[in-house]
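Biologist: Hi! Could you walk me through the aromatic side chains in this one?
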Amino acid sequence: MSPAAPASPPPASSRLLDWRVRFGALALIWGFSFLFIKVGTDGFAPFQVTFGRLLFGTAVLAVAIAVKRDRLPRGARVWGHLTVAAFLLNALPFSLFAYAELTIPSTLAGICNATTPLWGMALSLVALSEDRPTRVRAAGLGIGFIGVLTVLGAWQGFSGLDVTGTALALLASFSYAVGWIYVRRNLSGTGASNLSLAGSQVGLAALQLAVVTPLFTSVPRSFELMPLLSVIALGALGTGYAMLLQYGVVAEVGPTTAAMVTYFIPVIATAAGVALLDERLTWNTPVGALVVLAGAALTQTRGSTRTAGVRASGGRLSLSRVTLRDPSEDKIVPRS
């Protein structure tokens, strides 16, 4: 890149279009991550799906770091905290979602992922002294969990619902929220760039799965095409490229606007599951999902200009399904 500044900035209209296109691509990628997980588990063990996802995601981010000639974080303390963050935000929730989708539809997994802001708010009220509850946020928390009960069909006694798989998906979302608080407390002001933190964290998560996967799985006897392509797409697109998209969107329009991708992910995940996987959809699933998203939106309202967001992705988000933002430093850390 030439050190000289451009003669004039691009027109505002072109920047706006570019942001919208990338925002839409990000929502699609993270929304489809739950479908990729489902297809991937048709041919591979859940830990293998997660390891492949992290391996291909790391490769994409490593190339981006090399191209930008970015420096990796420095200091044993930072790397220690990144190791914990990698477990809470990548290795653990990615694996839990993969195991969950053995027994629950991808649509339900995507909706469970949308509960992350609810868990985040509930935990922050206890763990973060500066996060004081307001009536609106408390109402959002209550509304959100009513939405969860609606999705699960609580009035029917959760009939026909795989309790274990659903619990694993909700636990994955809970892990994202715990990881967000951990990052906020321990990785603010490191001096490292968002990209280097993201690449390092995903790489550490891949190393964690490289140790765990051989202990619980055996080498696949065959590699079916569709599951293999799904794992590659899940990692390269949903965990690697999506992070780069998110990085650019946040830089251009700010983290608050970028975080709105959260509200599109479960909609896309549901549409993809129903249209492409023939998953059954009853009325309470989309209705409950809308209630969950409404509650999540209310929990993110603030009485001041200082905002904090917990983004849900597929896979994946991303993450994406799946990036978390530290409100005090606007650091981006990959979730899905």
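Modeller: Happy to. Rings of Phe, Tyr and Trp count as a pair if their centres lie within 6.5 Å. Keep in mind that this is a predicted model.

Biologist: How many aromatic pairs does a search of the whole structure find?
Modeller: The search turns up 10 aromatic pairs. In one of them, phenylalanine 47 and phenylalanine 216 have ring centres 5.7 Å apart and planes at 45 degrees, so the pair is tilted.

Biologist: Which helices does that pair link?
Modeller: Phenylalanine 47 sits in helix 2 (residues 46–68) and phenylalanine 216 in helix 8 (residues 194–216), 169 residues apart.

Biologist: And is phenylalanine 216 buried or exposed?
Modeller: Exposed, with a relative accessible area of 59%.

Biologist: What about phenylalanine 97 and tyrosine 176, how are their rings arranged?
Modeller: They form a tilted pair, 6.3 Å centre to centre with 35 degrees between the planes. This pair joins helix 3, which holds phenylalanine 97, to helix 7, which holds tyrosine 176.

Biologist: Why does phenylalanine 97 count as buried?
Modeller: Because its relative accessibility is 0%, and buried means under 20%. Tyrosine 176 is also at 0% and counts as buried.

Biologist: Nice. Which residue lies over the face of phenylalanine 94?
Modeller: Arginine 53, at 3.6 Å from the ring centre.

Biologist: Changing topic: where is the kink in helix 9 centred?
Modeller: On alanine 242, with a kink of about 35 degrees. After helix 9 comes glycine 254, which has a positive phi near 95 degrees.

Terms used
Residues are numbered from 1 along each chain as its sequence is written. This is a predicted model: local features need pLDDT of at least 70, side-chain atom pairs count only at pLDDT 80 or more; totals for chains, interfaces and linings use all residues. Side-chain values use heavy atoms; hydrogens and water are left out. The bend at a residue is the angle between axes fitted to the seven residues ending there and the seven starting there. Helices (H or I, at least four residues) and strands (E, at least two) are DSSP runs, numbered from the N terminus. Rings of Phe, Tyr and Trp (its six-membered ring) pair if their centres lie within 6.5 Å; planes under 30 degrees apart count as stacked, over 60 as edge-to-face and the rest as tilted. Buried means under 20% relative accessible area, exposed over 50%, partly exposed in between (1.4 Å probe, protein chains only). A charge sits over a ring if NZ of Lys or CZ of Arg is within 6 Å of the ring centre and within 35 degrees of the ring normal.
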